[in-house]
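Me: I would like to learn how to read a structure like this one. Can we begin with a bond between side chains and then move to the whole chain?

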Amino acid sequence: SAVFDASDGVPSAAEVEAALTIAAPPLEMYEPNEYQPCNSTACTAAAPDVLVFLHNTSFATGGFNEQTVFRIVLNDTRHVYLLNRQSTVEVSGTNFSFRNPPKFMRWAEQSTRDAQHETDALIDSLVYHQNTPAHTATRLIQKLVTSNPSPRYVKRVADAFQTGTCAGHVYSGSYGDLGATVACALLDREARSMMLDASPTHGHLREPFLQLMNVLRSLEFVSKDGRQVQLLGLDDFGQQPFNAKSVFSFYSPEYRAAGAVAQSRQLSPEAEVTAQGDYYIAKFNGLFSLVEYGLSGCKGGFGIPIRDALCDDYKGSAYAVDHAGQLTWRPSSTHGPDVVDELALLLTGGRLGANTRAVLLSAYEEEASARGHTSALKLAKKLVLASADFHATNANALPPLPPSPPSPPPQHAD
């Protein structure tokens with residue numbers, strides 16, 4: 001049955017979008033004289049938001065029928081043609097009814113073409129859904145910048161997705177432009193503000209697998225004999241590649257860690273895999289083993305399993321027989337402050353706080369004096385890997401310790 005009647009005037013674009021759900025092919029696909037634009041006063045006034053095309057069955061009356069086609073811009077993204085009709089299923093003997101769902105496949109003669117058309121229609125409905133720009137913007141910002149973006153930040157990035165432009169720069173100028181979207185996410189003031197870096201609610205936790213990749217790349221891992229690198233046991237820290245426990249990835253983007261984070265209604269998605277004690281221990285064991293023994297199975301390492309009793313036989317060896325490669329990076333000098341600066345840049349992007357730097361420098365110099373620079377460098381690497389600065393992307397600036405209270409005056413016996 002027809003939905004809109006010409007006697008009630010031309011509906012608005014919002015009314016058309018809400019009421020009509022059956023699409024029509026683009027009008028150029030019809031015979032030349034099958035449709036013509038409606039030129040009445042009401043139709044002219046509704047343009048260009050709503051264009052009305054009359055079927056040749058209603059040319060004489062100028063009224064709307066089931067063959068009338070409305071063209072609107074859907075969700076500010078694209079032009080769509082919608083038939084002025086609805087298909088309703090009524091359940092006999094009840095007052096219950098519902099919209100007849102769209103169907104592409106024929107009952108009798110099913111075809112690959114119809115399946116492809118149905119798949120394309122589903123993808124289009126998802127891509128052009130009104131929530132897609134904001135959803136995509138939020139998820140990209142959470143991955144690249146912060147778990148808790150402001151509404152202003154999300155809107156700006158969503159607008160870039162919608163328009164293909166950012167900050168006056170035109171990328172493609174088209175809907176769904178990821179170049180414009182990522183640029184807006186990374187160049188926004190919330191992504192670049194050093195003041196926000198000091199906020200405990202800014203930034204995000206780093207995923208365990210990405211931390212491991214950071215270590216392997218920045219500390220210049222080289223495999224032995226040029227062999228293919230095989231990482232084992234990553235399930236122990238919750239992120240074995242291609243083995244997520246859910247089709248929606250290793251953690252929920254809406255996860256809130258228990259305690260202060262949940263109480264403040266902040267999101268901490270990565271905490272679903274990083275905040276579990278067993279995963280943390282497994283990650284530290286693997287990273288520390290990588291520093292100490294190279295890629296092996298020694299003491300929780302990510303390499304081929306080996307009995308821990310044999311590990312110390314290879315400790316300190318430049319080419320231990322049971323490792324599959326080593327971290328080859330060396331600092332430009334053995335001067336303590338230089339070593340700390342370079343490690344801070346490589347592993348924390350320069351975010352290492354002053355207190356952590358002081359602890360790290362003291363430990364490095366003490367170990368270098370006692371056991372040499374090679375041992376001191378391994379210790380420094382482990383301390384950086386254990387620091388809060390390595391596990392989160394904001395600045396973990398701990399306040400200085402308060403001064404110790406004065407000692408009470410000595411008590412004298414009478």
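Me: What is the torsion about the S-S bond of cysteine 38 and cysteine 43, and which hand does the disulfide have?

Reply: A disulfide is a covalent bond between the sulfur atoms of two cysteines. This is a predicted model. Here the torsion about the S-S bond of cysteine 38 and cysteine 43 is about 80°, so the disulfide is right-handed. The S to S distance in this link is 2.2 Å, and a pair counts as a disulfide when its sulfur atoms lie within 2.5 Å.

Me: Are cysteine 38 and cysteine 43 buried or exposed?

Reply: To count as buried, a residue must have under 20% relative accessible area. Cysteine 38 has 10% and is buried. Cysteine 43 has 4% and is buried as well.

Me: How many disulfides are there by this rule?

Reply: The count is 2. Besides the link already described, cysteine 166 and cysteine 184 form a disulfide, with their sulfur atoms 2.0 Å apart. The angle about that S-S bond is 100°, and the link is right-handed. The pair connects distant parts of the chain, with cysteine 166 in strand E7 (residues 165-166) and cysteine 184 in helix H6, 18 residues apart. Both cysteine 166 and cysteine 184 are buried.

Me: Where in the chain is confidence highest, and where is it lowest?

Reply: Confidence is given for each residue on a scale from 0 to 100. Helix H6 (residues 178-187) has the highest mean, 96, while helix H13 (residues 308-314) has the lowest, 67. For the chain, the mean pLDDT is 87, and 92% of the residues reach 70 or more.

Me: What does the length of helix H16 tell me?

Reply: Compare the span with the one expected at 1.5 Å a residue. Helix H16 (residues 373-386) has 14 residues and reaches 20 Å from its first C-alpha to its last, close to the expected 20 Å. Its buried residues include Ala376, Leu377, Val384 and Leu385, and also Lys378, Lys381 and Lys382.

How values were computed
Residues numbered from 1 in each chain as written. Heavy atoms only, no water. pLDDT = per-residue confidence, 0-100. Helix = DSSP H or I, 4+ residues; strand = E, 2+ residues; numbered from the N terminus. Expected span 1.5 Å × (residues − 1). Buried < 20%, exposed > 50% of the residue type's maximum accessible area, 1.4 Å probe, protein only.
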